[in-house]
Amino acid sequence: MYHIISIRDLERRDIDYLLDRAREFDTGNYHPRVLEDKLAALLFFEPSTRTRMSFATAMARLGGRSISVDSVEASSIVKGETLADTIRVVSGYADAIVLRHPKEGAARLASEFATVPVINAGDGAGQHPSQTLLDLYTIRQSMPIEGLDVGLLGDLRYGRTAHSLALALSLYGVKLHTIAPGGLEMPANITLELRERGMEVIEHEDVEEVIRDLDVLYVTRIQRERFPDSGSYYNVASSYRITPDHLCGVRDHLMILHPLPRAGEIDPAVDQTPYARYFEQARNGVPVRMALLYEVMK
Ligand code: NCD
């Protein structure tokens, strides 16, 4: 049994293996009932559209089934049940647990009490490894990841997708360009970790100073729900927005990615350009999660 908690737990060859498997699922090269006798519990204690639905879709496409809790309000957490107890109980129902939780470290804690594999579907400002796998998959479908110039724009402080992705990209010799509003920079401990892993990390003030040198621009939403108060959110809200004007002179193959949902960071007019790849990226969540679910439950 193995858990998928942090991208840090995966080596480059594990990631490449999962991406290769995802490709097989994507091209229909699998038995449609391979998880016929399996049940996944989707415990989502934070809002989600793509992640929850793509895990459920992935289970269904593999012939398996899923059960879910979609909110804290609808679960026994409101009666004071601990996460540890919930996880112990659900381990008795399902063959794997997919957990999204507002607290950083929740998935790791859950894995200590679970008797079935746990997949972290986002733990607060911590990690979001399945998102990273689909991000890498999307890039790899177009070009080799090795040696690319990748820009991360947005809330790099609270954005778990940015944390996971940056760590994964450090395994591929990528040069990372970070662009964040004041106060939302990548946490110093993660930047240090990236540099210790040999990654070149360059901080920029403005996306305009670097966008023409990028192969991938990964845009993220300001994680409003993680702010201590609404005042500090409004200070940075709407501080960046990619519009068609930014795309003058960019590399022909530039990919603009976004984990979605977007909240104004990308002008919808960008959707019509060949650079916009975020809807394709969201679609890739299904084969990538098929590969993950299959590997942890087979
Ligand atoms: C992301 C998340 O939940 O971290 N969404 C997702 O899973 N696609 C990004 C976000 O909410 O901004």
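A residue counts as near a molecule if one of its heavy atoms lies within 4 Å of it. By that rule, the residues around the ligand are Arg50, Thr51, Arg100, His128, Gln131, Arg160, Thr161, Arg221, Gln223, Pro259, Leu260 and Pro261. The model is predicted, so local features need pLDDT of at least 70 and side-chain atom pairs count only at pLDDT 80 or more, while totals for chains, interfaces and linings use all residues. Residues are numbered from 1 along each chain as its sequence is written, and side-chain values use heavy atoms, with hydrogens and water left out.

**Around the ligand**

- Domain 1 (7-127 + 285-297) and domain 2 (129-282), whose bounds come from an automatic or database domain assignment, both give residues to the shell around the ligand, so the ligand lies between them.
- The shell divides into three nonpolar, five polar and four charged residues, where Leu and Pro are among those that count as nonpolar, Asp, Glu, Lys and Arg count as charged, and Gly is among the polar ones.

**Polar contacts**

- A polar contact is a pair of N or O atoms within 3.5 Å, and one oxygen atom of the ligand is 2.8 Å from an N or O atom in the side chain of Gln223.
- An oxygen atom of the ligand is also 3.1 Å from an N or O atom in the side chain of Arg100.
- At Leu260, a backbone N or O atom lies 3.0 Å from a nitrogen atom of the ligand.

**Backbone details**

- The peptide bond from Leu260 to Pro261 is cis, with omega near 5 degrees.
- Pro261 is found in the loop between strand E9 (255-257) and helix H9 (278-283), where helices (H or I, at least four residues) and strands (E, at least two) are DSSP runs, numbered from the N terminus.

Terms used
A polar contact is a pair of N or O atoms within 3.5 Å; within protein, one must be able to donate a hydrogen and the other to accept it, and residues adjacent in sequence count only if both atoms are side-chain atoms.
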